[in-house]
Amino acid sequence: MTAISNFDWVEICDPRTRVPMFVHLESGDCVELLPDGSRVKQLDRNQWWEFYDTGTGRYYYYNYMTEATLWQKPPYADIIPLAKIQSSRLQQQQQQPHSRH
């Protein structure tokens, strides 16, 4: 298993549409086409997406390949912190001044 930190981008797939896309681990950008020279971690069975459940105040984990959901962090897994990426991105957008038209 290769550490997720060795990659800039992670391949994910929309569970509803099955459209593959890529998330940049630092910026939270989500794209359908990777920039040239990108280091990408391909989607695999060991990849779990971390989400936050506001109703319980807990994180949970979803595996796209197996469609399994867990409340406990799976051991020895590649955890993709989608909740933290989304939260960070939302904060950045809120801090940017709104342009006037």
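1. Of the 101 residues in the protein chain, 31% count as buried, where buried means under 20% relative accessible area, exposed over 50%, and partly exposed in between (1.4 Å probe, protein chains only). The model is predicted: local features need pLDDT of at least 70, side-chain atom pairs count only at pLDDT 80 or more, and totals for chains, interfaces and linings use all residues. Residues are numbered from 1 along each chain as its sequence is written, and side-chain values use heavy atoms, with hydrogens and water left out.

2. The accessible surface of the protein chain comes to about 7,200 Å², and carbon and sulfur atoms hold 50% of that area. Accessible areas come from the Shrake-Rupley method with a 1.4 Å probe; for residues, only the protein chains shown count as cover.

3. The protein chain has 1 helix and 8 strands, in the sequence pattern β-β-β-β-β-β-β-β-α. Helices (H or I, at least four residues) and strands (E, at least two) are DSSP runs, numbered from the N terminus. Among contacts in the protein chain with a separation of 6 or more, 45% come from residues 24 or more positions apart; contact means heavy atoms within 4.5 Å.

4. An open sheet is formed by 4 strands in the order S3-S2-S1-S4, with mixed pairing. S3 and S4 are the edge strands, each pairing on one side only. Two strands pair if DSSP finds at least two bridges between them. S1 and S4 pair in the parallel sense over 2 bridges, and the bridge partner of tryptophan 9 in S4 is valine 40.

5. The structure holds 4 salt bridges, a salt bridge being a side-chain nitrogen of Lys or Arg within 4 Å of a carboxyl oxygen of Asp or Glu. In general, side chains of opposite charge can pair when their charged atoms come close.

6. One of the salt bridges joins arginine 39 and aspartate 8, with the closest N and O atoms 2.7 Å apart. Arginine 39 lies in the loop between strand S3 (30–31) and strand S4 (40–41), and aspartate 8 in the segment before strand S1 (9–13), so the pair ties together parts that are 31 residues apart in sequence. Arginine 39 counts as partly exposed at 42% relative accessibility; aspartate 8, at 27%, also counts as partly exposed.

7. Lys41, Asp44 and Asp78 are linked in a network of salt bridges. Lysine 41 meets aspartate 44 at 2.9 Å, N to O. Aspartate 44 is partly exposed, with a relative accessible area of 22%, whereas lysine 41 counts as buried at 10% relative accessibility.

8. Glutamine 47 lies in strand S5 (residues 47–53) and is buried, with a relative accessible area of 1%. Not counting residues up to four places away in sequence, glutamine 47 touches Val10, Glu11, Ile12, Lys41, Gln42, Tyr62, Asn63, Asp78 and Ile80. Two of these residues, Lys41 and Asp78, also belong to the salt-bridge network.
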